[in-house]
Amino acid sequence: MKLQAHGIAGNVLQWIGNWLSGHKQRVILGGQVSDWCNILSGVSQGSVLGPLLFVIYINDIDEVVNSKLLKFADDTKIFNKVNSVEEVENLRTDLRSLVSWSNAI
């Protein structure tokens with residue numbers, strides 16, 4: 001687990017796990033309200049801990065792509081110039097690498 005790799009263990013690790021689990025959300029649009037649904041990923045908007053966890057979890061993302069990355073708060077963008085078929089394939093390779101990386105977390 002990435003948190004443990006950064007030295008987070010014991011009660012703090014358990015507290016973070018408890019804080020991340022059990023969240024629900026619903027959508028209200030035009031006066032219509034959806035049912036509550038369990039949240040499977042992410043952190044509460046506006047939390048102090050969210051950006052720190054984001055940085056910990058994406059800390060190694062640079063190692064799996066050759067394209068350029070922009071990271072800010074809880075957002076990451078991958079980009080590169082694409083002027084040839086080879087450059088298109090390079091970007092596709094990086095996207096596949098990101099999928100594998102995200103599945104391994």
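Arginine 92 has a relative accessible area of 45%, so it counts as partly exposed. In this predicted model, arginine 92 forms a salt bridge with glutamate 89, and their closest N and O atoms are 3.9 Å apart. Glutamate 89 is partly exposed as well, because its relative accessible area is 33%. Both residues belong to helix H4, and since they are three residues apart there, about one helical turn separates them. Salt bridges with shared partners link Glu89, Arg92 and Arg96 into one network.

Helix H4 itself can be checked by its length. With 20 residues at 1.5 Å a residue, H4 should span 28 Å, and its end C-alpha atoms lie 29 Å apart, which agrees. Which residues of H4 are buried? They are Asp94, Leu98 and Trp101. Seen down the helix axis, these buried residues fall within an arc of 65 degrees, so they line one face of H4. On the other side of the helix, Val85, Glu86 and Asn103 are exposed. The cover over the buried residues includes helix H1 (2–5), helix H3 (49–58) and strand E6 (75–79).

Aspartate 94, in helix H4 (residues 85–104), is buried but has no salt bridge. The nearest side chain of opposite charge is that of arginine 96, at 9.0 Å. What does aspartate 94 contact, apart from its neighbours within four places in sequence? Its contacts are Val64, Val65, Asn66, Ser67 and Ile78.

Side chains of opposite charge can pair when their charged atoms come close. The structure has four salt bridges in total. One of them joins aspartate 60 to lysine 2, with 2.8 Å between the closest N and O atoms. Aspartate 60 sits in the loop between H3 and strand E5 (68–72), while lysine 2 is in helix H1, so this pair ties together parts that are 58 residues apart in sequence. Lysine 2 is buried, because its relative accessible area is 18%, whereas aspartate 60, at 25%, counts as partly exposed. Another salt bridge runs between aspartate 62 and lysine 71, where the closest N and O atoms are 2.7 Å apart. Aspartate 62 has a relative accessible area of 40% and is therefore partly exposed. Lysine 71 is partly exposed too, with a relative accessibility of 38%.

Aromatic rings are the next topic. How many aromatic pairs does a search of the whole structure find? The search finds one. Tryptophan 15 and tryptophan 19 make up this pair, which is stacked, with 6.4 Å from centre to centre and 10 degrees between the planes. The two residues are four apart in helix H2 (residues 10–20), so about one helical turn lies between them. Tryptophan 19 counts as partly exposed because its relative accessibility is 23%.

The last stop is a strand. Glutamine 25 lies in strand E1 (residues 24–25). With a relative accessible area of 45%, glutamine 25 is partly exposed. Along the chain, glutamine 25 and isoleucine 39 are 14 residues apart, and 6.7 Å separates their C-alpha atoms. Not counting residues up to four places away in sequence, glutamine 25 touches Asp35, Trp36, Cys37 and Ile39.

Conventions
Residues numbered from 1 in each chain as written. Predicted model: local features only at pLDDT ≥ 70, side-chain atom pairs only at ≥ 80, totals over all residues. Heavy atoms only, no water. Buried < 20%, exposed > 50% of the residue type's maximum accessible area, 1.4 Å probe, protein only. Lys, Arg positive; Asp, Glu negative; His and termini not counted. Contact = heavy atoms within 4.5 Å. Phe/Tyr/Trp six-rings, centres within 6.5 Å; stacked < 30°, edge-to-face > 60°. Expected span 1.5 Å × (residues − 1). Arc of directions from axis to C-beta.
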